[in-house]
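Good morning, colleagues, and thank you for the time.

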Amino acid sequence: MASDSAKQTPSGMGPSGMGPGGIGPGGMAPEKMRQVMTERYEYKGTWFLKFMVPRTNLEAMETFQVRDDDIFIITYPKCGTHWTMEIVYLILANGYPDKIDRNEKMKFGALEMFIPTPNNPLPAYKFVETITSRRVLPTHLPINVVPSAVLQGKGKVVYVTRNPKDGLTSMFSFMAKNAGMKDKWNEVFEQYISKDMLNGNFFDFSLAYWKHRHDDNFLFLKYEDMKRDPRSAVIMIADHIGCVLSDEAIDRVVANSSMDQMKKSYQKADEQNVMPAFDGQGKENLGKFLRKGTVGDWKNHFTVAQNEKFDEYCREKMAGSGLTFQFE
Ligand code: A3P
């Protein structure tokens, strides 16, 4: 890939950047909108969506000031970012969703994004300079772009990964619903096991962070483990970020970070218009990030041949890494 070359994403594979927040600048003519939403460029070997992740934001990561008490939530898209964010916010709010200050803390999307809204005209990295600690900073940045201080031990990192068959299925479902991609399963499938995905290749992305799993400031979690035993996940996260919670508070965090409760909390936040709602639709914007929340939905999408191809690719990529996934 030529450095800094700009091109359209294949077949309009636009918003797979799909970070925390919503998608799409509202109020544009459809063709212009399509063009804006699909134009991508390469930065340090990874493709990014130009409208959502401008190059200046990525360059700013080199000098981004990490605070000692920052909590980074690092994920490849569709691996459980919003769920983990909600758990962390609930831990900080002693388990009470109404105590989460979504207006101040959550209206910027991911750290690398620029989602201008009437309430917040700043790119995320500038906006988060204005918010009080503790900051919760979700990001889908690959390891060679993420602020390097976190790799040297500053702040806390909660890294969440997910079995990539469900990750791909979740990504496709998001695109099908929000980007008119419902006929494009085969294309999304092929791109997922290539170097061409926005935000990079899932396997390369995940393996690079996996090498940091033993760092003191890293907690490396798997979505499937969180599903199987959410209470343990909450306890591990709370412990990692240095929060002591009572048993009742832990129970509240677990209950209020369930899919059903999160849907209610997000709906309320959408109604109050406090979180990023920038696709011109406003309501139910964040609900787009809550779909089935299950393990094994990939079986409803993969053909037998695709499953074999994916398994082989996965085996090759993961060989010798020690990172394994639970697919059902
Ligand atoms: P599915 O599309 O498989 O349902 P991200 O936040 O990184 O975009 O990840 C989105 C995925 O996390 C979606 O997966 C979504 O449903 C799932 N998710 C969100 N909240 C969840 C929760 N409380 N419990 C389990 N899964 C959740």
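A residue is called buried under 20% relative accessible area and exposed over 50%, with partly exposed in between. By that rule E190, at 37%, is partly exposed. Please keep in mind that the model before you is predicted.

Let me stay with E190. Its salt bridge partner is K309, and the closest N and O atoms of the two are 3.0 Å apart. Since E190 belongs to helix 7 (residues 185–192) and K309 to helix 13 (residues 304–318), this pair ties together parts that are 119 residues apart in sequence. K309 is likewise counted as partly exposed, because its relative accessibility is 40%.

How many salt bridges does a search of the whole structure find? The number is 15. Another of them joins E86 and R102, with 2.8 Å between the closest N and O atoms. Here helix 3 contributes E86 and helix 4 contributes R102, so parts 16 residues apart in sequence are tied together. E86 has a relative accessible area of 0% and is therefore buried; R102, at 7%, is buried as well.

D225 and R228 meet through their side chains in a salt bridge of 3.0 Å, N to O. They are separated by about one helical turn, because they stand 3 residues apart in helix 9 (residues 223–228). D225 is partly exposed at 32%, whereas R228 is exposed at 56%. There is also a network: K195, D204 and K317 are joined by salt bridges that share partners.

I turn now to a charged residue without such a partner. E112 sits in the loop between helix 4 (102–105) and helix 5 (124–127). E112 is buried but forms no salt bridge, and R135, the nearest side chain of opposite charge, is 13 Å away. What does the side chain of E112 reach at 2.8 Å? It reaches the backbone nitrogen of H140. Among the residues in contact with E112 are M52, P54, N57 and L141.

Finally, the ligand. It is surrounded by 18 residues, and T81, H82, S170, K292 and G293 are the closest. Helix 3 provides the largest share of this shell, 3 residues. Oxygen atoms of the ligand lie 3.0 Å from a polar side-chain atom of K78, 2.9 Å from one of R162, and 2.6 Å from a side-chain N or O atom of S170. Of the 570 Å² of accessible area that the ligand has on its own, the protein covers 98%.

Notes: Residues numbered from 1 in each chain as written. Predicted model: local features only at pLDDT ≥ 70, side-chain atom pairs only at ≥ 80, totals over all residues. Heavy atoms only, no water. Helix = DSSP H or I, 4+ residues; strand = E, 2+ residues; numbered from the N terminus. Buried < 20%, exposed > 50% of the residue type's maximum accessible area, 1.4 Å probe, protein only. Lys, Arg positive; Asp, Glu negative; His and termini not counted. Salt bridge = Lys/Arg side-chain N within 4 Å of Asp/Glu carboxyl O. Polar contact = N/O pair within 3.5 Å; in protein donor to acceptor, adjacent residues only side chain to side chain. Contact = heavy atoms within 4.5 Å. Near = heavy atom within 4 Å. Areas by Shrake-Rupley, 256 points an atom, 1.4 Å probe, with all protein chains shown as cover. Lists of a residue's contacts leave out its neighbours within four places in sequence.
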